[in-house]
Amino acid sequence: MQKQSSMPWHTFDEELALKELETARTGLSDIEAAARLETVGPNSLGESVTKGPAAILFDQFKDFMIGVLLAAAVLSGFIGELQDTLVILGLVVLNAIIGFVQEYRSEKA
């Protein structure tokens with residue numbers, strides 16, 4: 001039989017969760033809480049690393065398709081199609097601006 005703790009925690013019913021966590025509805029005693037703090041550490045989320053604006057903007061150009069578009073712009077410029085080159089570069093810049101704004105707002109949130 002498969003051990004129950006491999007189940008996703010949100011699927012546990014109350015009794016099973018209490019049993020698996022070796023606790024009771026009233027919670028842990030101060031001694032047990034101190035012992036668990038000593039062995040497993042505090043129950044807290046780590047600090048998330050936020051990226052600065054320059055890193056966010058640079059990341060917008062890391063996508064493979066953006067590289068393909070930039071290569072197409074260079075090739076288009078090389079063969080003398082200035083209008084196509086400018087359109088492609090305009091789209092790449094527009095994509096970078098939109099992506100930057102969205103990611104910057106989500107980082108701030």
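Of the 109 residues in the protein chain, 13% count as buried, where buried means under 20% relative accessible area with a 1.4 Å probe, protein chains only. The model is predicted, so local features need pLDDT of at least 70 and side-chain atom pairs pLDDT 80 or more, while totals for chains, interfaces and linings use all residues. Residues are numbered from 1 along each chain as its sequence is written, and side-chain values use heavy atoms, without hydrogens and water.

The protein chain has five helices and zero strands, helices being DSSP runs of H or I with at least four residues and strands runs of E with at least two, numbered from the N terminus. The radius of gyration, taken over C-alpha atoms (globule rule: 2.2 Å times the number of residues to the power 0.38), is 26 Å for the protein chain, well over the 13 Å given by that rule for 109 residues, so the chain is more spread out than a compact globule. Its C-alpha trace spans about 75 × 35 × 20 Å along the principal axes.

Helix 5 deserves a visit of its own. With 27 residues (82-108), helix 5 should span 39 Å at 1.5 Å a residue, and its end C-alpha atoms are 38 Å apart, which agrees; the expected span is 1.5 Å times one less than the number of residues. Thr85, Ile88, Val92, Ala96 and Gly99 are the buried residues of helix 5. An α-helix has 3.6 residues a turn, so residues three or four places apart point the same way. The cover over the buried residues of helix 5 includes helix 3 (53-59) and helix 4 (64-78), with contact meaning heavy atoms within 4.5 Å.

Terms used. Buried < 20%, exposed > 50% of the residue type's maximum accessible area, 1.4 Å probe, protein only.
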